[in-house]
Amino acid sequence: MEGLGQQNKTRVVKVDSLESWDFYVTQAINQGTPIVIHFTAAWCIPSVAMNPFFEELASSFPDVLFLTVDVDEVKEAATKLEIKAMPTFVLMKNGAPVDKLVGANPEEIRKRIDGFVQSIRVHVA
């Protein structure tokens, strides 16, 4: 099987509680790490279909924290960011949402993350 040599096969972190949500967001703020969050639901086919793509994105952008949040498991996080539909992708910087994309649109998501990462690199430089 491919990728067996890596201990950490997945780069996407699954948030399963409000505590872990707060932990990762706080950690990212402290480290100045941008976050991309996939708000998903087990019953939502388009959301589930986006998982492998989201995984692939996470590998493409190693300096970004990729989180996946099941809205039924962590309702508070979804409420906080006013998530109304699945899948919704939220780009966060310094703990604040800077972009939100609703729907399973791989090309657009990649483009947005790309632009997001570029803009952050520019600020850092």
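This briefing covers the fold, the surface, the confidence and one residue of the structure above. The model is predicted. The protein has four helices and five strands. Its mean pLDDT is 90. Buried residues make up 41% of the 125 residues.

**Fold**
- Take the contacts in the protein with a separation of 6 or more: 68% of them join residues 24 or more positions apart.

**Surface**
- The protein has an accessible surface of about 7,100 Å².
- Carbon and sulfur atoms account for 56% of that surface.

**Confidence**
- A pLDDT of 70 or more is reached by 90% of the residues.
- Residues 1-7 stay under 50 in pLDDT.
- For residues 1-7, the model has one contact beyond four places in sequence.
- Where pLDDT is low, predicted coordinates should not be read in detail.

**A look at Ile29**
- Ile29 sits in helix H1, which spans residues 18-31.
- Is Ile29 buried, exposed or partly exposed? Ile29 counts as partly exposed because its relative accessibility is 36%, and that class lies between the cut-offs of under 20% for buried and over 50% for exposed.
- Which residues does Ile29 contact, leaving aside its neighbours within four places in sequence? Ile29 is in contact with Asn94 and Gly95.
- Ile29 and Ala96 are 67 residues apart in sequence. In space, their C-alpha atoms are 9.3 Å apart.

Conventions. Residues are numbered from 1 along each chain as its sequence is written. This is a predicted model: local features need pLDDT of at least 70, side-chain atom pairs count only at pLDDT 80 or more; totals for chains, interfaces and linings use all residues. Side-chain values use heavy atoms; hydrogens and water are left out. Helices (H or I, at least four residues) and strands (E, at least two) are DSSP runs, numbered from the N terminus. Buried means under 20% relative accessible area, exposed over 50%, partly exposed in between (1.4 Å probe, protein chains only). Contact means heavy atoms within 4.5 Å. Accessible areas come from the Shrake-Rupley method with a 1.4 Å probe; for residues, only the protein chains shown count as cover. pLDDT is the predictor's confidence in each residue, from 0 to 100.
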